[in-house]
Amino acid sequence: MDASASFRFCVGRADLHATRLLPDPDAPTAHALAESEVRLRVQSFALTANNITYAAFGDKMKYWQFFPSNAEGWGCIPVWGFAEVVESRCAEVATGQRVYGYLPMGHYLVVQPARVDRRGFMDGSPHRRELAAAYNQLVFCAADPGYNAAHEGLQAVLRPLFTTSFLIDDFMAEQGFFGARQLLLSSASSKTAYGTAFCLSRRTGMPLVHGLTSAGNLDFTRGLGCYGVVSTYEQVTTLDPTVPTVYIDFAGNAGLRRAIHEHFGSALVYSCSVGGSHWESLGGGGGLPGPRPELFFAPAQARKRVAPPPEGWGASGFEQRLGQAWQAFMQAVNKPSQPWLTIREARGAEAVTAAYQQMLAGRSEAREGLMLTL
């Protein structure tokens, strides 16, 4: 394909290993701006196991609907990253502004700004109006207190995941941890899992936070210091089966889920499904001993907390609490003696394809974060 062409990176909805470059429907040559529309040029985006979860749950959770591919059987995976306003027919949004938010793996995105204020705007495009509002917010970098130009990679890789971590921690505390004495987190080396463990570790009088990971990631996960105990998946059946336990499932591995449900039985007081990093082993939650697994949907918990008091904290209260937790997390992640994460950048369609296939195969490095540019 011509290097100057504009395209989107798409994957097979029925076979996530299949990839294809399709013409970008929001390129200037394909979409002339209508009144009130704005064109963004996608500059860089993060790729994490969370994006594989978006693909694995693309139909069930409507992730394919955010950026339609216009090609039967193909989907564009949403990513978090940065873009520049390169063309605007909206008086409230000026060209040259840099924004952060939910973007396609492509070159361009046409949006219809709504509810514009100094901080940013919502994309009011018709096909996104019925989708989760938490994914439709685009933030002006110049007005974002959490933005640091030197740490763009960390923001794109970790901030969306940490928001989910923060909300899981909040939900568990709100529920009194379901009376558990132990919280069992699978895929403990994953960024969303260790963000959750970090938030939980800041509380007092907590149940034990117990991470489960592969043997290869055992030393890394223990070295983070935010888990009370870390074990390998093979050690699950050696744990005390009488301890009241909550399972927070970031892996989505059906075999592991069954092993945990069968081992703890009635002592498993709650089972929560968050992600699908073990996407090839996904399976339903029916027919398991103990509680039926419940899907945790972060936007629903966020909506509750953004609501005005006394039901919620209000938008400013939510932002303040999340911001404080984020700053504390960044201090831990950027610990001079042993940083938790380093950012690797790659550019071009071949590099993006290779990175995607590596992530899909579960071969990503725990200490590495990917920032990509098509």
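Figure 1. The structure shown, here and in the views below, is a predicted model. The residues of α8 that are buried are Ala349, Val352, Ala355, Tyr356, Met359 and Leu360. These residues lie on the same side of α8, because they cover an arc of only 135° around the axis. An α-helix has 3.6 residues a turn, so residues three or four places apart point the same way.

**Figure 2. Length and end of helix α8.** Helix α8 comprises 12 residues, 349–360. Just after the helix, Gly362 adopts a positive phi of about 75°.

Figure 3. Zero disulfides are found in a search of the whole structure. Cys10 takes part in no disulfide, the nearest cysteine sulfur being that of Cys76, 4.9 Å away; a disulfide would require the two sulfur atoms to be within 2.5 Å. Cys10 is buried, with a relative accessible area of 1%. For Cys141, the closest cysteine sulfur belongs to Cys90 and is 17 Å away, so the pair is too far apart for a bond. Cys141 also counts as buried, at 4% relative accessibility.

**Figure 4. The cis peptide bond between Pro309 and Pro310.** The peptide bond leading from Pro309 to Pro310 is cis, and its omega is near 5°. Pro310 is located in the loop that runs between α6 (298–306) and α7 (314–333).

**Figure 5. Positive phi at Lys62.** Lys62 is a residue other than glycine, yet its phi is positive, near 65°. The loop between α1 (49–56) and β4 (74–75) contains Lys62. With a relative accessible area of 41%, Lys62 is partly exposed.

**Figure 6. Positive phi at Phe178.** Although Phe178 is not a glycine, its phi is positive, at about 55°. Phe178 belongs to the loop between α2 (152–174) and β11 (182–185). The relative accessible area of Phe178 is 25%, so this residue is classed as partly exposed.

Note on methods:
Residues are numbered from 1 along each chain as its sequence is written. This is a predicted model: local features need pLDDT of at least 70, side-chain atom pairs count only at pLDDT 80 or more; totals for chains, interfaces and linings use all residues. Side-chain values use heavy atoms; hydrogens and water are left out. Buried means under 20% relative accessible area, exposed over 50%, partly exposed in between (1.4 Å probe, protein chains only). Helices (H or I, at least four residues) and strands (E, at least two) are DSSP runs, numbered from the N terminus. The expected span of a helix is 1.5 Å times one less than its number of residues. The arc is that of the directions from the helix axis to the C-beta atoms.
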